[in-house]
Amino acid sequence: MKKLLVILTLALISCSMLFASGASESSSKSDNGKPTITYTFRDDGRGSDQILWKWIEEGYNSWDKKDQVNLDMAPITASEGDYFTKIALQLSDPATSPDLVCEDTFQLPNDVSAGYLTNLDSYVSSYADWTDGKYYASMQKAVTGADGSVYGIPYCTDTRGLWYNRAILTEAGVIKQGEDWAPTSWDDILDACAKIQANTTDVIPFWCNSGVATGEATSMQTYEMLLYGTGERLLTDDGKWIIDSDSMRASLKFLQDIYNNGYGPSLDLVLNGQASNTSARKYFPEDKLGITLDGIWITGNWKSTGPSPVADYATKFGLAAMPTSKGQTPGTVTLAGGWAFSIPENSDAKELTFEFIQHLMDPEASYLSSIIEQGNICTRTDVGPIEEYAKQPFFEQATEFLKTADFRPQNDKYSTVSTAIQYMVESVVTGTSIDNAISQYGKDVIRTVGKENVVTL
Amino acid sequence: MKERSIKNTQYIILAIIALMFVLPLIWLILASLDTNASQALNMPTNWTLGNFKDVLSSNRNLRGFGVGMVISLIQATVVVLITGLAAYPLSRYKLSYKNVFMYSILFMTALPMIAVIVPVYKMFLTIHILDSITGVILYLSATSLPYGIWLMKNFMDGVPIELEEAAKIEGANIMQTLKMVIAPLMFPGICVTFIFTFSGSWGNFFVPYILLSSQNKLPASVLLYQYFGQHGTISYGPLAAFSIIYAVPSILLYILSQRYMSKGFNLAGASKG
Amino acid sequence: MSQHSYKIEQLKYDLKKSILLIPAIALMIGFFIIPIFMTVYYSFTNLALTGSNAKNFQFIGLLNYKTMFTDPRMWASVFHTLIFLVGSLIGQSLIGFFVAYFMQKKDQTFRSIVGPCILAGWVMPEIVVALCCFAFFDTSGTMNAILQTMNIPGVKWLYAHPMLTVILANIWHGTAFSMLNYQSALGNVSSSITEAARVDGATRVQTLFRVTIPCIKDTIATNTMLNTLSTLGVFGLIWAMTGGGPGNATTTLPIYMYFQGLKNFQLGQGTAIGMVLLLVGAIFSVIYTKTLGNED
């Protein structure tokens with residue numbers, strides 16, 4: 001009996017030893033003496049058929065340095081939230097760190113302040129496309145850390161606006177046949193909603209993400225689209241979080257107007273994690289929704305290969321820029337997100353990787369076809385006008401929005417504050433008074449950033 | 001007559017409960033047969049087996065099912081063996097530390113995976129067993145032990161001690177007694193522990209996800225997430241097909257064990273009666 | 001014999017009789033207990049996965065706990081956790097027990113149909129369980145479609161009764177475990193004992209309560225205990241169905257932990273909340289020991 005136990009225990013230990021040595025061997029970088037670029041990205045299915053995979057592979061094959069370098073694909077299969085956890089774990093140690101990583105610009109500030117990413121200032125200074133204005137200035141801002149340095153090369157982005165159903169808006173008398181809708185203030189939106197409510201049946205006038213369950217989409221796509229439209233931001237220029245202001249109240253008042261007047265969807269539809277899919281795949285394509293505040297990727301749902309095909313979506317629907325609150329300059333507003341290529345601090349092939357990034361971002365190599373396939377908006381000014389890109393329905397217009405696009409704060413406390421925003425928005429749409437919602441928001445933000453870092457305007 | 005109507009009522013009640021448990025699956029089944037599946041309950045306009053074909057024609061998925069099977073089968077076997085051994089002293093001897101031991105290992109399992117995973121990752125990094133399937137098996141085994149020990153001890157308590165004593169008189173040592181007398185008698189319990197452990201690791205996403213990184217080592221539970229796209233979009237059709245295939249092994253295991261379980265019943269009955 | 005030497009005797013006995021426990025203990029110390037102790041330590045630090053604290057984390061004493069206990073949502077989460085726990089326990093145990101009980105001595109084919117039906121919800125991955133239940137309880141989902149055929153107006157399940165809905169989802173997911181447990185335990189109750197009771201004139205119900213249930217009381221205890229601890233840790237199911245909302249109606253401790261700690265990678269904060277879960281688990285362990293104690 002004792003013998004068996006000893007054997008069992010020994011077997012367990014030796015097993016783990018064996019595999020331990022195996023594992024550390026495989027993680028050692030270069031076989032055949034060449035340096036290796038390990039590339040990590042979020043896997044959205046289909047293995048080597050998928051876009052980010054194909055892009056890098058084709059890019060590697062057409063790269064003139066390919067004979068000097070190995071490429072190692074290391075995709076991460078997970079939902080978006082879990083991707084960030086794994087990335088943070090891997091970046092923190094040289095043994096597990098990749099050399100090239102896809103970073104959400106929203107996550108970038110965190111990884112920058114953790115010291116996980118390489119400061120690219122000295123690299124971009126000799127990257128002609130970067131200094132010659134081949135990238136949208138707003139996108140360059142999105143990858144610039146709080147210290148003013150560049151930490152990534154943006155490769156895709158997205159913008160948000162008001163999608164509308166032409167037939168519904170025409171029937172309601174908001175626009176005439178064949179006319180585009182171009183609201184110039186929040187009041188225009190509310191007027192349109194009132195007309196839809198009065199003149200159509202069984203149509204929800206307006207939809208925007210409004211709950212905690214829709215997460216960042218509620219903070220960024222609803223609240224910040226409104227707040228930024230008043231000219232205010234979440235933080236003051238000297239880095240203090242604003243916890244009470246007239247602009248905040250005006251933004252919440254707009255949401256209150258939407259829901260109190262019955263312009264919004266019923267709350268059971270919008271206060272759950274599937275709300276975006278419900279509006280984009282069901283209510284909007286089925287002519288049961290007039291206007292929806294959503295991002296450009298929504299069109300992916302309506303393509304013939306998408307989950308909710310709409311044959312004539314290019315003409316059936318319209319896209320209007322989100323107006324500022326009273327039509328003040330710049331007239332319209334959008335928030336942009338997007339992804340960037342970054343080089344981890346722990347990478348052991350930084351120069352080569354940066355050269356590889358430049359090759360990947362070359363529109364004449366593989367960038368153009370990849371960005372089209374991704375269904376995302378390009379980050380380069382010289383790709384926007386290319387016919388092949390611009391002929392995709394709505395893309396020319398949505399790319400145009402980038403000129404006035406703004407971004408979420410480059411602050412590593414933002415993701416916690418964002419949760420507080422979601423609570424605030426949800427409490428207002430469920431009937432809490434604006435005063436109470438704002439005061440709770442103030443308490444939440446103070447708990448996160450400290451009393452000394454907040455301000456009331 | 002009365003006896004019979006009671007029996008019929010029981011059949012009806014069971015049928016109703018079973019039906020209620022199947023209803024939530026309707027969406028899953030419909031979605032798996034729909035080319036344009038969505039989260040809403042829809043009759044498919046285009047019926048298709050394409051989703052299943054897609055899932056099964058991918059070498060990566062097949063490999064994932066295989067890897068998952070290896071991990072889960074080995075882990076469940078390890079757990080059954082180790083807990084079988086551990087349950088014996090806990091069930092048969094008066095150990096002074098028994099209750100403290102049993103309850104303290106158990107309450108530690110209340111800590112959700114997401115709280116412990118970072119220390120685990122750091123530990124695996126230090127001892128160089130990241131990205132090792134053995135490491136995952138060892139970790140999954142260790143974390144299933146508290147439940148396993150409880151289950152096994154409980155089932156072993158149900159095995160009458162008399163038969164064991166008879167074996168002892170005939171000169172069997174503890175290992176022989178465990179193997180020849182106790183194990184057959186508590187076979188249903190061993191099945192429960194095995195199925196429970198198997199399903200637990202078969203469905204565990206977070207542990208292999210964090211501890212493995214090579215593509216060819218990922219089990220099916222991780223590959224499931226390939227159907228979750230950008231901006232919260234989900235490919236419901238393939239996801240549903242994948243899930244249905246995914247559920248098959250555990251259900252087969254259960255049906256298989258049911259057959260043996262009824263044998264176990266008889267034996268246990270005989271010993272007590 | 002002095003008290004002292006008695007203790008030494010007991011210790012010798014314990015050690016001698018514990019050899020079979022060695023593999024289990026070795027494995028648990030290595031891969032289960034050490035990480036938990038590390039987690040306990042982290043709850044007193046400002047460790048973060050990323051962000052400024054990731055570089056150099058410090059011991060910050062009870063600050064995480066102070067932050068946690070001053071948040072009213074924390075107490076609401078404890079309360080929601082308890083409701084979720086009690087609701088799930090009652091549902092899973094009762095249904096699991098009665099299915100197992102009625103399934104005894106039923107037709108083999110019938111059993112092998114009913115069993116997998118109950119099991120289906122258990123063997124699905126958590127995220128798929130959540131999606132299935134979401135589609136089921138959606139306002140235009142299966143449940144309301146069925147109610148409508150019976151002329152009962154639909155209910156906004158996830159919005160009007162979110163806690164009930166996630167409890168029902170968890171019952172769907174978890175009942176199979178209780179069923180398996182009870183099936184196996186009932187198998188050990190000799191049919192001759194129950195038959196003898198019936199011959200003595202006891203009714204079916206009396207036999208159930210006076211003979212069968214006392215016979216499997218240890219299994220009831222173990223099953224309740226294990227269900228308690230697995231229910232305390234439920235995260236993915238609630239997260240995918242309601243995200244802890246509407247408002248914070250379904251924010252249980254794991255969800256709260258995720259919000260406060262892990263969403264922003266503030267592990268120190270998160271683990272401190274995890275400690276509350278450990279504490280709740282420990283309290284239940286003590287309660288169960290006290291009520292069921294001295295079993296041997």
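**Questions on a predicted three-chain model**

Modeller: Chain A has a mean pLDDT of 88, and 92% of its residues reach 70 or more; pLDDT is the predictor's confidence in each residue, from 0 to 100. This is a predicted model, in which local features need pLDDT of at least 70, side-chain atom pairs count only at pLDDT 80 or more, and totals for chains, interfaces and linings use all residues. Residues are numbered from 1 along each chain as its sequence is written, and chains are lettered from A and ligands numbered from 1 in the order in which they are written.

Biologist: Over which residues of chain A does pLDDT stay under 50?

Modeller: Over residues 14-30, for which the model has 25 contacts beyond four places in sequence. A contact means that the C-beta atoms of two residues, placed from the backbone, lie within 7 Å. Where pLDDT is low, the predicted coordinates should not be read in detail.

Biologist: Why is H4(B) called oblique to H6(B)?

Modeller: Helix H4 (residues 98-107) and helix H6 (residues 133-157) of chain B pack at about 135 degrees, their axes 8 Å apart. Angles under 35 degrees count as roughly parallel, over 145 as roughly antiparallel, 65 to 115 as roughly perpendicular and the rest as oblique. The angle of about 135 degrees therefore makes H4(B) oblique to H6(B). Axes are lines fitted to C-alpha atoms, for helices over the stretch in contact, and angles run from 0 to 180 degrees between N-to-C directions.

Biologist: Which residues make that contact, and how do they divide?

Modeller: H4(B) gives B:Met102, B:Ile105 and B:Leu106, and H6(B) gives B:Pro146, B:Ile149 and B:Trp150. They divide into six nonpolar, no polar and no charged. Ala, Val, Leu, Ile, Met, Phe, Trp, Tyr, Cys and Pro count as nonpolar, Asp, Glu, Lys and Arg as charged, and the others, Gly among them, as polar.

Biologist: What makes E2 and E4 of chain A edge strands?

Modeller: In the open sheet the order is E2-E1-E3-E12-E4, with mixed pairing. Strands E2 (70-73) and E4 (153-156) each pair on one side only. Helices (H or I, at least four residues) and strands (E, at least two) are DSSP runs, numbered from the N terminus.

Biologist: How do you know that E4(A) and E12(A) pair?

Modeller: Two strands pair if DSSP finds at least two bridges between them. E4(A) and strand E12 (residues 339-342) have three bridges, in the antiparallel sense, so they pair. A:Cys156 stands opposite A:Trp339 in E12(A).

Biologist: How many residues does the contact of chain A with chain C take?

Modeller: It takes 33 residues from chain A and 29 residues from chain C. The side of chain A divides into twelve nonpolar, 15 polar and six charged.
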